[in-house]
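Colleague: I'm new to reading protein models. Could you walk me through this one, feature by feature?

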Amino acid sequence: MHIMRYALAKFWYHGTSKRSISLINWNTGPIKQTGQSKAILDAMIKAGLISKIKISGVQEGGLSFDRDSRADLKNFMDNSQLSGKIEKLYRLLLAD
């Protein structure tokens, strides 16, 4: 559950969701230390939580968080409640 929180925290900033992050930002901080950043990234894409995008001025591109899952992100970050695609991500991670 901690690795999932680290990954979702990339799209959470002071109580609000972030629309996107640069791909370079993905593999930094606590998620890098887990050694599972690639696996969680693949699981989040498979669950439909994020998608790869082009960002103007960022050669490597970035990751965009699913607009319809922002309420689920808020519930998870505030109350650790699993719902929607975040629950799907949790089940994917358990299967691995």
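This is a predicted model: local features need pLDDT of at least 70, side-chain atom pairs count only at pLDDT 80 or more; totals for chains, interfaces and linings use all residues.

Colleague: Which elements do Lys46 and Lys88 sit in?

Modeller: Lys46 is part of helix 4, residues 37–47, while Lys88 belongs to helix 6. Lys88 touches Lys46 and also Ala47, again not counting residues up to four places away in sequence.

Colleague: How far apart are Lys88 and Ala47 in sequence and in space?

Modeller: They are 41 residues apart in sequence, yet their C-alpha atoms are 6.0 Å apart in space.

Colleague: Is Lys46 buried or exposed? And what about Lys88?

Modeller: Here you need the cut-offs: under 20% relative accessible area is buried, over 50% is exposed, and in between is partly exposed. Lys46 has 62% relative accessibility, so it counts as exposed. Lys88 has a relative accessible area of 44%, so it is partly exposed.

Colleague: How much of the whole protein counts as buried?

Modeller: Of its 96 residues, 33% count as buried. The accessible surface comes to about 5,900 Å², and carbon and sulfur atoms own 49% of that.

Colleague: Let's zoom out. How many helices and strands are there?

Modeller: Six helices and five strands. Read from the N terminus, the order is α-β-β-β-α-α-α-β-β-α-α. The radius of gyration is 12 Å, close to the 12 Å that the globule rule gives for 96 residues, so the protein is as compact as a globular protein of that length. Its C-alpha atoms fill a box of roughly 35 × 25 × 25 Å along the principal axes.

Colleague: What share of the contacts joins residues 24 or more positions apart?

Modeller: Take the contacts with a separation of 6 or more: 57% of them are between residues 24 or more positions apart.

Colleague: Now the strands. Which way does strand 5 run against strand 3?

Modeller: To read a pairing, look at the direction and then at the bridges. Strand 3 (residues 20–22) and strand 5 (residues 58–65) run antiparallel and are joined by three bridges. Strand 4, residues 50–55, also pairs with strand 5 in the antiparallel sense, over five bridges.

Colleague: Which residue of strand 5 is the bridge partner of Ser22?

Modeller: Gly62 is the bridge partner of Ser22. Gly62 also stands opposite Ile53.

Colleague: What joins up in the hairpin of strand 4 and strand 5?

Modeller: That hairpin has two residues between the strands, and Gly57 there takes a positive phi near 85°.

Colleague: Where does Ser80 lie, and what is its phi?

Modeller: Ser80 is in the loop between helix 5 (70–79) and helix 6 (84–95). Its phi is near 55°, a positive value in a residue other than glycine. With 40% relative accessibility, Ser80 counts as partly exposed.

Key: Residues are numbered from 1 along each chain as its sequence is written. Side-chain values use heavy atoms; hydrogens and water are left out. Two strands pair if DSSP finds at least two bridges between them. Helices (H or I, at least four residues) and strands (E, at least two) are DSSP runs, numbered from the N terminus. The radius of gyration is taken over C-alpha atoms; the globule rule is 2.2 Å times the number of residues to the power 0.38. Buried means under 20% relative accessible area, exposed over 50%, partly exposed in between (1.4 Å probe, protein chains only). Contact means heavy atoms within 4.5 Å. Accessible areas come from the Shrake-Rupley method with a 1.4 Å probe; for residues, only the protein chains shown count as cover.
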